[in-house]
Amino acid sequence: GMAISICKIEPMPNLQHRLSFAGSKQGLVYYQQSDNQLVEIKGDRAFIGGDFQQKRVFNTHQIVLNQGDILYLTTDGLIDQNNPARKKYTFNKLFGLLNEIKGQSLSAQKQQIQLSLRQHQADSEQRDDITFLGIRL
């Protein structure tokens, strides 16, 4: 099976954007600047692929975002990275970090995420690919 997220962003009047999101074992986090709130949308618990005889239906979530809001998408590679004690980075640690840095520029956020991951990994080798995407609307 494969984990995947799919997003569609459509412009709307008044500098708003309609986001349609579906996730297979992957979620989406977004920051609403007007509410100063970080929100998680969980993906469905099913994988894509595997048993092709079984029909799967994935939920599509729709939200309206404003100019300046931020979308965060990531593979599981970041949260699955081990430290020397073989403890994973975890989604909760990432969400907490994003909550602390959400008001900063995307460049500053990137630096903070990279620093946090380096500190977590210490001397441990990277065990998976890492993709992390932040999009400011």
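This note goes through the strands, cores, helices and side-chain pairs of a predicted model.

1. Ground rules. The model is predicted, so local features need pLDDT of at least 70 and side-chain atom pairs count only at pLDDT 80 or more, while totals for chains, interfaces and linings use all residues. Residues are numbered from 1 along each chain as its sequence is written, and side-chain values use heavy atoms, with hydrogens and water left out.

2. Strand 3. Helices (H or I, at least four residues) and strands (E, at least two) are DSSP runs, numbered from the N terminus. Strand 3 covers residues 28-32, and five of its five residues are buried, so the strand is largely enclosed by the rest of the structure. Buried means under 20% relative accessible area, exposed over 50%, and partly exposed in between (1.4 Å probe, protein chains only). Leu28, Tyr30 and Gln32 point one way from strand 3, whereas Val29 and Tyr31 point the other way.

3. Neighbours of strand 3. Two strands pair if DSSP finds at least two bridges between them. Strand 4 (residues 37-41) runs antiparallel to strand 3 and is joined to it by five bridges. These two strands form a hairpin with four residues between them, and Asn36 in the turn has a positive phi of about 50°. Strand 6 (residues 70-74) also pairs with strand 3 in the antiparallel sense, over three bridges. Tyr30 has a bridge partner in each neighbour: Val39 in strand 4 and Leu71 in strand 6.

4. In what order do the four strands of the open sheet lie? The order is 4-3-6-7, with antiparallel pairing. Strand 4 and strand 7 (132-136) are the edge strands, each pairing on one side only. From one strand to the next, the twist averages 20°.

5. Helices on the sheet. Contact means heavy atoms within 4.5 Å. Axes are lines fitted to C-alpha atoms, for helices over the stretch in contact, and angles run from 0 to 180 degrees between N-to-C directions. Helix 2 lies across strand 3, strand 4, strand 6 and strand 7, and runs at about 150° to strand 4. Helix 3 lies across strand 6 and strand 7, at about 160° to strand 7.

6. The cores. In soluble globular proteins, nonpolar side chains tend to be buried together. A nonpolar core is here a set of buried Ala, Val, Leu, Ile, Met, Phe, Trp, Tyr and Cys residues joined through side-chain atoms within 4.5 Å. The largest one has 14 residues, and Leu38, Tyr72, Leu94, Leu98 and Ile113 have the most contacts inside it. At least two residues each come from strand 3, strand 6, helix 1 (76-79), helix 2 (91-101) and helix 3 (106-121). Helix 2 gives the largest share, four residues. Apart from this core lies another, of eleven residues, among them Leu19, Leu28, Val39 and Ile41.

7. Leu38. Which residues does Leu38 touch, not counting those up to four places away in sequence? They are Val29, Tyr30, Tyr31, Tyr72, Phe95, Leu98 and Asn99.

8. Salt bridges. A salt bridge is a side-chain nitrogen of Lys or Arg within 4 Å of a carboxyl oxygen of Asp or Glu. The structure holds three. Lys88 and Asp80 form one of them, with the closest N and O atoms 3.6 Å apart; Lys88 is partly exposed at 44% relative accessibility, while Asp80 is buried at 16%. Salt bridges with shared partners join Lys8, Glu10 and Arg18 into one network.

9. Aromatic pairs. Rings of Phe, Tyr and Trp (its six-membered ring) pair if their centres lie within 6.5 Å; planes under 30 degrees apart count as stacked, over 60 as edge-to-face and the rest as tilted. The structure holds two aromatic pairs. Tyr72 and Phe132 form a tilted pair, 6.0 Å centre to centre with 40° between the planes. This pair links distant parts of the chain, since Tyr72 is in strand 6 and Phe132 in strand 7, 60 residues apart. Tyr72 is buried at 3% relative accessibility, whereas Phe132 is partly exposed at 27%. Phe91 and Phe95 form a tilted pair, 5.7 Å centre to centre with 40° between the planes. Phe91 and Phe95 are four residues apart in helix 2, so about one helical turn separates them.
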